[in-house]
Amino acid sequence: MAVREMAPKANGEACGVCGGRTYVIERRGDQAQARICACSEHCSVCGGRGHVLVEREGEFSQKMGPRRYEVMETCTCTKLRQRIARFDALGLPASAAHATFENYRASKEEQDRGRNVAMQFAFQYVPGGSSKGFILSGPVGTGKTHLLAATLAHLALELGVRGRYVEISLLYATIRRGFQEGKSGGEIIGPLSEVEVLAIDEMGKGRGSPFEMETLDELIARRYNAGRTTLFASNYSLEPEKRAIRSTAPTGYRTTEDSRSAVRDTELLRERVGERIYSRLCELCTFVEFPKDTPDRRRTRQEMDAPMHHATGGGRTLGR
């Protein structure tokens, strides 16, 4: 990546703060934001002008032969600032500020596949082209948002791609607030329809009201018709049909919690979003589903911390 040419120190070592990336990602409020690392604030290539003269060679006619000439090009420091601005515009949640493919921890084979699908998409993405997206399905706390964030961050910082992240229930709430301010839903959906890559998290969440279904259908239809890439994550199963429910309770007896659990386990995304949207998802995305017994990483971490927290009288000794 060209912008990394500024990162090494004079002694040849990479910066100890950014590790040679030239930027630092931080939590600011409820969102993830980036800034130029101190090691790259002053560009030694252009001296802060933002552009450089580059010598080129070309043949304009056979009679004159090859000729050398100079052209003005954007400096790597300007490209870095542009890509940081693209990252800041993603709207990634602060909780996913440091999500990368490298620090994703998988406990199931399907999670490894999910990471590989996301990595392949990110590293093979051609800006301006038309790429098939992916949808990750699985229980809460299994790293779906992590992989969406890692994908969008790579696209923005490494390729300069314009993208956005949106949690679907927050989008519905934003549109409702917009109505009170005299805005139409289209005014809010418009920018999301036009970004090159959009990630929609918590797909299928909500009350399933006509307003929510119409909003989701319009957004996906706009992007589908424009040939733009969309990524998704959902807690609902991607299976086309419900499987037979096998109860672990004794024959003829089922507790209320058993019944509720069975309903949750058999809820399908297809039923949550409707046939029209589900059909388009089948065409737009590679499906990856994590098993129902995939551990909740947040809960597992809390359970690991709890004994130590109790033993030390409230002090924390385990790092994050």
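Let's start with helix α5, residues 185–194, where G185, I188, I189, G190, L192 and S193 are buried, meaning under 20% relative accessible area with a 1.4 Å probe and protein chains only, while exposed is over 50% and partly exposed lies in between. Helices here are DSSP runs of H or I with at least four residues, strands are runs of E with at least two, and both are numbered from the N terminus. The cover over those buried α5 residues includes β6 (163–167), α4 (168–180), β7 and α6, with contact taken as heavy atoms within 4.5 Å.

A quick word on the model: it is predicted, so local features need pLDDT of at least 70 and side-chain atom pairs count only at pLDDT 80 or more, while totals for chains, interfaces and linings use all residues. Residues are numbered from 1 along each chain as its sequence is written, and side-chain values use heavy atoms, with hydrogens and water left out.

Now to the inside. A nonpolar core is a set of buried Ala, Val, Leu, Ile, Met, Phe, Trp, Tyr and Cys residues joined through side-chain atoms within 4.5 Å. The largest one has 39 residues, and F87, L92 and F134 have the most contacts inside it. Among the elements giving two or more residues to this core are α1 (76–88), β5 (133–137) and β8 (229–234). Which helix gives the most to this core? That is α3, with nine residues. This core also takes at least three residues from each of domain 1 (19–55 + 68–96) and domain 2 (99–240 + 267–304), bounds that come from an automatic or database domain assignment.

Have a look at F134 for a moment. Setting aside residues up to four places away in sequence, F134 touches residues including F121, L148, F232 and C285. There is also a second, separate core of 26 residues, with V166, L171, V195 and L284 among them.

Staying with β8, S234 sits in that strand. Why does S234 count as buried? Because its relative accessibility is 0%. Beyond its neighbours within four places in sequence, S234 contacts L136, S137, G138, K144, M203 and L269.
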